[in-house]
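Work through the exercises below with the sequence and the model side by side, and try each task before reading its solution.

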Amino acid sequence: MPDGHSTTAIVVAGDEETRVLLRGLLRLHHFRIEGEAEGATHALELVRDRRPSIMVADVSLAEGSFGTLVADARAIHPPLRVILVAPASRPPPSPADPARRADVVLLRPFRIRQFADALSPPATPTGVRG
């Protein structure tokens, strides 16, 4: 659950149903949704304009790559926390460049508790949950 200072989020996914699911889960955990995007270009505009505390993105984007999206978003807004959602059957490789890594990789299917845990900064370094 977010603290009083980290309650805004954007959702990025190429698939509309995935955006609806992620948006609903964020609202369930009291995040204010600042916007949604299908791909990297619009997501970066949202980061620039809205300065969200969290970006939850599906590995499947309509355009752009997740690694580039993460690096560019953090260049715009360094405190941004990034959660990547990916299928357990095809977990993404961890990029060599730390600037391109998500804070958390959440593998589908996941439990609501795992999603809630992913929203809070961990006591341990970046890791895969799921």
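The protein exposes about 6,800 Å², of which carbon and sulfur atoms supply 53%; accessible areas come from the Shrake-Rupley method with a 1.4 Å probe, and for residues only the protein chains shown count as cover. The model is a predicted one, in which local features need pLDDT of at least 70 and side-chain atom pairs count only at pLDDT 80 or more, while totals for chains, interfaces and linings use all residues. Residues are numbered from 1 along each chain as its sequence is written, and side-chain values use heavy atoms, with hydrogens and water left out.

**Exercise 1. The order of the elements**

Task: State how many helices and strands the protein has, and in which order they run from the N terminus.

Solution: Begin with the definition, by which helices (H or I, at least four residues) and strands (E, at least two) are DSSP runs, numbered from the N terminus. Counting in this way gives four helices and six strands. Read from the N terminus on, the elements follow the order β-α-β-α-β-α-β-β-α-β.

**Exercise 2. Strand 1 and its partners**

Task: Describe how strand 1 is covered, which way its side chains point, and with which strands it pairs.

Solution: For the cover, note that buried means under 20% relative accessible area, exposed over 50%, and partly exposed in between (1.4 Å probe, protein chains only). Of the 130 residues of the protein, 45% count as buried, and in strand 1, residues 8-12, five of the five residues are buried.

For the directions, recall that in a regular strand the side chains alternate between the two faces of the sheet. Here Thr8, Ile10 and Val12 point one way, whereas Ala9 and Val11 point the other way.

For the partners, two strands pair if DSSP finds at least two bridges between them. Strand 1 runs parallel to strand 2 (residues 32-37), to which it is joined by five bridges; isoleucine 10 stands opposite glycine 35, and valine 12 stands opposite alanine 37. The chain passes from strand 1 through helix 1 (residues 16-28) to strand 2 in a right-handed β-α-β crossover, a term which means that, with the strands pointing away from the viewer, the path from the first strand over the helix to the second runs clockwise. Strand 1 also pairs in the parallel sense with strand 3 (residues 54-58), over four bridges, where alanine 57 is the bridge partner of valine 12.

**Exercise 3. An aromatic pair**

Task: Decide how the rings of phenylalanine 110 and phenylalanine 115 are arranged.

Solution: Rings of Phe, Tyr and Trp (its six-membered ring) pair if their centres lie within 6.5 Å; planes under 30 degrees apart count as stacked, over 60 as edge-to-face and the rest as tilted. A search of the whole structure finds one aromatic pair. The centres of the rings of phenylalanine 110 and phenylalanine 115 are 5.8 Å apart and their planes lie at 20°, so the pair is stacked. Both phenylalanine 110 and phenylalanine 115 are buried.

**Exercise 4. Backbone exceptions**

Task: Where do histidine 30, arginine 51 and proline 109 lie, and what is the phi or omega value found at each?

Solution: The background is that most residues other than glycine have a negative phi, and most peptide bonds are trans. Histidine 30, in the loop between helix 1 and strand 2, has a positive phi near 70°, and at 55% relative accessibility it counts as exposed. Arginine 51, in the loop between helix 2 and strand 3, has a positive phi of about 55° and is partly exposed, with a relative accessible area of 41%. Proline 109, in the loop between strand 5 and helix 4 (112-119), is joined to arginine 108 by a cis peptide bond with omega about -5°.
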